[in-house]
Amino acid sequence: VIIFCIYMVTTVFMLPLWGFHMTCGYVYGTFWAALLIATTQALCAGAAFSTSRYLVGPYIRNSLEKRYGRKFTAIDKAVGEDGLRITLLLRLSPIIPFGINNYLCGCTGMKVSEFVIGTWLGVLPGTTAYCNMGSMGKQVLAQGTTTLQKIVMGLGLVAALLVIKLLSDLATKALKD
């Protein structure tokens with residue numbers, strides 16, 4: 001409940017959470033922390049999305065329609081028809097920051113359910129990697145490590161970061177296309 005409340009405040013007000021994922025990984029372990037954080041992120045993003053859609057969305061939509069005309073209408077239609085895939089790609093790509101993405105997508109015709117599911121799937125790889133770093137830190141502090149364990153942890157960390165980078169690059173390219 002505390003983690004959810006912290007995440008809700010930071011999501012709605014677009015505040016940073018440096019080290020939060022690793023701290024949760026340290027406390028709960030990789031699996032439970034990643035599940036908890038990814039679910040919390042998706043639910044809080046859905047709340048911000050809904051806030052945008054129902055409170056300020058109509059005003060922003062009108063402004064975007066006036067300013068961009070048919071371009072905005074075409075983008076809105078595409079996002080509305082393929083919301084899950086678009087959200088997944090946006091979450092895997094660092095093109096639009098997490099908080100801004102919640103509010104911008106709320107101004108489109110995207111379904112809330114597709115946004116929440118796409119967010120959950122899209123944040124899972126990065127969240128898991130960060131939670132794993134915290135969990136590894138706890139293991140190192142509690143038990144110490146051998147040279148081989150340090151090498152394996154280092155390789156695992158590098159591999160996780162490379163996978164995140166690869167997914168991010170693929171998502172960015174797909175969004176541009």
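Me: Which residues in helix 1 are buried?
Reply: Ile3, Tyr7, Thr10 and Thr11 are buried in helix 1, where buried means under 20% relative accessible area, exposed over 50% and partly exposed in between (1.4 Å probe, protein chains only). Helices are DSSP runs (H or I, at least four residues), numbered from the N terminus. This is a predicted model, in which local features need pLDDT of at least 70, side-chain atom pairs count only at pLDDT 80 or more, and totals for chains, interfaces and linings use all residues. Residues are numbered from 1 along each chain as its sequence is written, and side-chain values use heavy atoms, with hydrogens and water left out.

Me: What covers the buried residues of helix 1?
Reply: The cover includes helix 2, helix 3 (30-68) and helix 6 (98-106); contact means heavy atoms within 4.5 Å.

Me: At what angle do helix 1 and helix 2 cross?
Reply: Roughly 175 degrees, and the axes of helix 1 (residues 2-12) and helix 2 (residues 20-28) come within 13 Å. Axes are lines fitted to C-alpha atoms, for helices over the stretch in contact, and angles run from 0 to 180 degrees between N-to-C directions. Helix 1 and helix 2 are therefore roughly antiparallel (over 145 degrees; under 35 is roughly parallel, 65 to 115 roughly perpendicular, the rest oblique).

Me: Which residues make that contact?
Reply: Ile3, Ile6 and Tyr7 from helix 1, with Phe20, His21, Cys24 and Tyr28 from helix 2. By class, six are nonpolar, one is polar and none is charged. Ala, Val, Leu, Ile, Met, Phe, Trp, Tyr, Cys and Pro count as nonpolar, Asp, Glu, Lys and Arg as charged, and the others, Gly among them, as polar.

Me: And the loop after that, where is Met14?
Reply: Met14 lies in the loop between helix 1 and helix 2. Its phi is positive, about 50 degrees, although Met14 is not a glycine. Most residues other than glycine have a negative phi.

Me: Buried or exposed, or in between, for Met14?
Reply: Met14 is partly exposed, with a relative accessible area of 45%.

Me: Changing topic: how far apart are the axes of helix 5 and helix 7?
Reply: They are 8 Å apart, and helix 5 (residues 83-92) packs on helix 7 (residues 112-143) at about 30 degrees. That makes helix 5 roughly parallel to helix 7.

Conventions: Helices (H or I, at least four residues) and strands (E, at least two) are DSSP runs, numbered from the N terminus.
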